[in-house]
Amino acid sequence: MRLPLFYFLSLVYCSLGLSLSAEVEAPVELVVNEGFESPIGFYDSEPRFSWKLKGEPQGLRQQAYEIDVASIAGNNLWSSGRVDSNQSIDVPYGGRPFKSRELVQWRVRFWDQTGTGSEWSDWARIELGLLESSDWSGQWIHPLPKPADEIEENFGQVVYFRKTFNVDAHTKTGRLYVTSKGIFEISINGQKVGHDAFVPGFTDYHKRIETLTYDVTELVRAGKNVITAEVANGWYAGRLMWNKKKHYWGSYPELLVQLELLDEKNQLATVVSDETWHYTKDGPVVMADIYDGEDYDARLELHDFDALHFEEKSLKPVATSPVEAMPLLMPKRFAPSRVTRTLQSVSVSRISEQSVIFDLGQNMVGWPEIHLPVIAGQTIQIRVAEMLQADGSIYTENYRSARSMANYTPAKTGVIQWKPTFSFFGFRYVEVTGFDPKAAPTLDWVCGHVVHTDFKQVGEFTSSHAKLNQLQQNIQWGQIGNFLDIPTDCPQRDERLGWTGDAQVFAATSLFNYDTHAFWASWLQSVRENQQPNGAVSNFVPAPPGHAKGTSPGWGDCAFIIPWELYVRTGDIEVLRENYEMMCKRVQCYANASKDGLVEFKGFGDWLQPILVGKAMRGDTSMQLISTAFYGYGASLCAKAAAVLGKQEDVLKYEALFDEVRTAAAAHFLDDSGKLTTAVETQTGYLLLLGFDLVPSERRSEVAAQLSVRIKADGNRLNTGFLGTPLINRVLDDTGHLEQAIAVLFTNEYPSWFYSIDQGATTMWERWNSYSYADGFGNKSMNSFNHYAYGAVGQWMYERLAGLAPDPKHPGYKHMILRPILNGPLTSASVSIDTRYGRASSAWQKTGDTYALDILIPANTTGTLYLPDYVEILSGVELIETETDGSSRVELHSGPFSLKLRDRSVR
Ligand code: RAM
């Protein structure tokens with residue numbers, strides 16, 4: 001890689017005058033793979049190591065590193081030796097592969113830009129999970145196999161499993177390896193193991209089931225113990241795909257347990273699921289289903305089920321099935337879902353003597369919890385809703401056939417506290433009926449537990465514009481509401497599926513807001529498992545057996561778009577390695593159906609384009625244009641990925657393919673003036689061609705001019721659906737139409753983001769007008785109030801309004817591009833993101849004709865600041881390069897920078 005001379009000059013220059021202390025602090029935040037900190041139950045026998053440099057980032061760079069890996073007893077397993085490299089993320093382990101259960105430790109030290117070495121870091125640990133199915137000596141346990149009536153009989157009943165066991169000696173280390181077909185909660189001696197929800201998670205259960213590892217050292221005791229588990233149908237055997245059918249993968253839940261206890265003398269005792277376990281289905285959860293909620297009858301509680309003295313006579317012995325080669329049993333490679341916060345009710349309104357509605361103030365996803373007075377035998381009915389009707393009652397029609405209700409029948413009169421944990425709900429309002437009518441409802445009767453994949457928030461965006469800030473909030477709520485083990489389209493109706501189109505449009509934005517690196521890497525494994533021999537990828541993943549169909553352009557293309565976005569934003573090359581074949585196969589799927597560079601697949605079009613000339617929902621953009629555009633985009637990404645992976649032949653092959661598609665697309669879809677030749681001229685038609693670089697450079701401005709005219713004719717408002725919306729601001733901005741990019745975002749008119757905010761949105765909506773004060777609710781058949789796709793505009797807000805973007809040439813923010821828009825409708829904007837190197841930020845504020853611009857570049861990274869021609873730099877940086885168009889460019893090393901700028905155009 002060759003960098004221009006000024007780049008080095010500026011680095012040298014900037015490092016002059018730095019007062020470097022003689023002591024270089026040891027690296028910190030040691031993690032493996034996609035950010036795992038001293039994991040137990042880890043999935044990868046050959047991990048990659050990452051660390052952060054500590055201390056003032058001012059000019060701090062790594063010149064060399066050394067890694068040591070040792071057994072826990074201290075025997076060396078691998079040493080990298082001193083490696084002259086600035087690489088501080090994803091350094092591959094080079095020793096022999098680790099084995100299942102193996103516990104190892106590693107540490108790292110580095111040399112800074114002056115050649116001074118740091119101390120060694122603290123040791124970090126890695127403990128492997130059970131890597132192979134053959135590591136499991138337990139058996140699947142389940143209710144007696146009466147498959148025919150089982151299907152009839154099992155309407156979502158939870159299975160309760162139990163086993164007592166003896167432990168001879170004090171346990172030094174206890175590990176519980178566990179998984180289920182269905183979703184489980186497991187306890188030892190009455191204490192729930194872990195805080196996870198919906199484990200093991202949602203995969204194609206015929207191909208791969210994720211397994212969990214828990215540290216249970218503190219839960220087991222010498223002497224008698226009891227282990228109990230509740231397993232519900234979950235996605236495995238419950239309802240899916242908007243119909244009444246259940247049992248797509250199997251007809252009843254199953255459990256697999258392996259408890260391994262090591263005593264002080266290193267003697268191993270193992271307790272596994274086998275024929276010695278017992279079960280019942282006659283427990284208090286009489287029905288639990290993802291779509292339909294949960295019914296709990298406290299009169300059926302199994303008293304002391306998890307106590308030693310419980311009489312097992314009322315239980316039946318389990319049936320068993322062997323662990324087979326398929327499905328694969330593999331450690332879960334990202335965090336499970338958990339409660340991440342709890343919302344309190346903000347208001348309560350009584351609708352009848354027996355019924356009240358609580359408002360949590362925010363559309364959310366998870367569990368409502370009740371804590372209120374009840375009368376023995378009188379069922380409490382809990383119904384939820386995202387919206388209220390005009391008369392103040394709850395609006396549930398948009399849930400379609402999802403019952404989304406929970407019932408609790410108390411055994412005694414008194415105060416109860418309960419939440420339905422084998423189902424999840426998308427809601428803001430909770431209607432409660434059937435409580436003790438003598439009691440006056442209070443706000444603390446109901447709260448909402450927010451449940452989603454447990455990832456950290458890493459990004460923040462804020463500005464001087466209240467509605468833009470609300471939009472950012474809505475984007476974040478849309479994300480946490482729909483990242484519950486898989487990326488769902490929506491969290492509330494009878495759908496909640498991993499729609500691939502929605503996922504690909506939102507992936508980049510999602511990676512900014514939360515640390516979704518592991519989440520996406522894991523879901524991509526499901527996408528690979530789903531890919532058909534012809535390269536097609538389902539419209540949603542995981543897809544139940546027999547439903548893995550679909551080639552819709554813009555949907556299955558998640559196969560090449562998400563690996564690339566993930567690579568650009570994390571710098572993780574392994575993502576490309578793991579997915580390269582899938583990326584190319586998806587492109588081949590187009591190639592096989594193409595003729596002279598053009599292709600046409602059926603599909604969802606520019607889904608939910610708001611203002612239509614033609615067909616409902618699928619939009620007016622030509623399917624041939626959409627298909628060809630994604631085909632070309634796929635070829636270009638395969639060429640880029642091949643270059644990163646050093647596959648030179650493939651680079652040439654995919655570049656040639658991209659050129660062929662590009663030439664064909666321009667010739668076929670554009671007339672001499674750069675106008676679309678398709679039956680209907682749509683914004684998205686232009687956006688896809690320009691956004692995917694399918695217009696020859698010399699024609700870009702004339703095509704962009706046509707797009708601009710089109711948008712102007714549409715009232716300077718967007719008329720785009722799922723495929724066009726993520727591109728509209730970026731393309732207008734890139735092609736010199738910044739004013740229009742700003743206009744489409746900052747309008748309150750329908751269709752726009754602010755329009756839904758003006759109608760009360762606290763999340764992203766499926767449609768721009770899912771609801772309006774004037775016209776009420778949109779068509780109930782397709783009207784989600786929590787659909788993250790349109791939140792894809794976030795990317796442009798962070799990268800341009802506040803001005804911080806990754807540089808695809810130095811991915812993972814190793815080098816970043818700072819290019820804030822200073823003269824738009826904002827007077828301030830700021831963005832920050834915890835990158836894998838440390839926190840990066842850009843914040844600007846305008847006062848009169850001056851701007852303060854504060855930038856933070858993490859240690860061991862660099863940035864390039866671009867400033868438009870209308871500002872001059874008064875102070876804060878040196879070595880400013882002035883471009884021919886009058887703009888300025890400044891190369892920045894790591895560190896904080898405070899710039900003062902002046903607006904030249906103001907006299
Ligand atoms: C809907 C989903 C999803 C969309 C597909 C085409 O049912 O909600 O958002 O991608 O259809």
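User: How many aromatic pairs does the count come to in this structure?

Analyst: The count comes to 59 aromatic pairs. The model is a predicted one.

User: Are Trp 78 and Tyr 93 buried or exposed?

Analyst: Trp 78 has a relative accessibility of 17% and counts as buried. Tyr 93 is at 6% and also counts as buried, because the cut-off for buried is under 20%.

User: What are the distance and angle for Phe 455 and Phe 519?

Analyst: Their ring centres lie 6.2 Å apart with planes at 85°, so the pair is edge-to-face. This pair also links distant parts of the chain, 64 residues apart, with Phe 455 in the loop between strand E33 (446-453) and strand E34 (459-463) and Phe 519 in helix H6 (residues 517-530). Phe 455 and Phe 519 are both buried. Both belong to a cluster linked by ring pairs, whose members include Phe 334, Phe 483, Trp 520 and Tyr 788.

User: How many residues of H6 are buried, and what span does H6 reach?

Analyst: An α-helix has 3.6 residues a turn, so residues three or four places apart point the same way. H6 has 14 residues and reaches 20 Å from its first C-alpha to its last, close to the 20 Å expected. Of those 14 residues, 13 are buried, so H6 is mostly covered.

User: Which charged residues lie over a ring?

Analyst: Two cases can be given. Arg 82 lies over the face of Trp 111, 4.5 Å from the ring centre. The charged end of Arg 341 sits over the ring of Trp 477, at 4.8 Å from its centre.

User: How many disulfides does the structure hold?

Analyst: A disulfide is a covalent bond between the sulfur atoms of two cysteines. The structure holds zero disulfides. The sulfur of Cys 584 has its closest cysteine sulfur in Cys 638, at 3.8 Å, which is too far for a bond, because the cut-off is 2.5 Å. Cys 584 is buried, with a relative accessible area of 11%. Cys 447 is buried too, at 12%.

User: Which residues surround the ligand, and where are polar side-chain atoms placed against its oxygen atoms?

Analyst: Among the residues around the ligand are Asp 489, Arg 493, Trp 555, Phe 604 and Met 782. A polar side-chain atom of Glu 495 is 2.4 Å from a ligand oxygen atom. For Asp 502, the distance from a side-chain N or O atom to an oxygen atom of the ligand is 2.6 Å. For His 787, a polar side-chain atom lies 2.8 Å from a ligand oxygen atom.

User: Which backbone angles deserve a look?

Analyst: Most residues other than glycine have a negative phi, and most peptide bonds are trans. Here a cis peptide bond joins Val 199 and Pro 200, with omega about 10°. Another cis peptide bond joins Val 541 and Pro 542, with omega about 0°; Pro 542 lies in the loop between H6 and helix H7 (558-570). Asp 304 has a positive phi of about 60° and is partly exposed, at 41% relative accessible area. Asp 693 has a positive phi near 60° and lies in the loop between helix H11 (683-691) and helix H12 (700-713).

Note on methods
Residues numbered from 1 in each chain as written. Predicted model: local features only at pLDDT ≥ 70, side-chain atom pairs only at ≥ 80, totals over all residues. Heavy atoms only, no water. Buried < 20%, exposed > 50% of the residue type's maximum accessible area, 1.4 Å probe, protein only. Phe/Tyr/Trp six-rings, centres within 6.5 Å; stacked < 30°, edge-to-face > 60°. Helix = DSSP H or I, 4+ residues; strand = E, 2+ residues; numbered from the N terminus. Lys NZ or Arg CZ within 6 Å of the ring centre and 35° of its normal. Expected span 1.5 Å × (residues − 1). Near = heavy atom within 4 Å. Polar contact = N/O pair within 3.5 Å; in protein donor to acceptor, adjacent residues only side chain to side chain.
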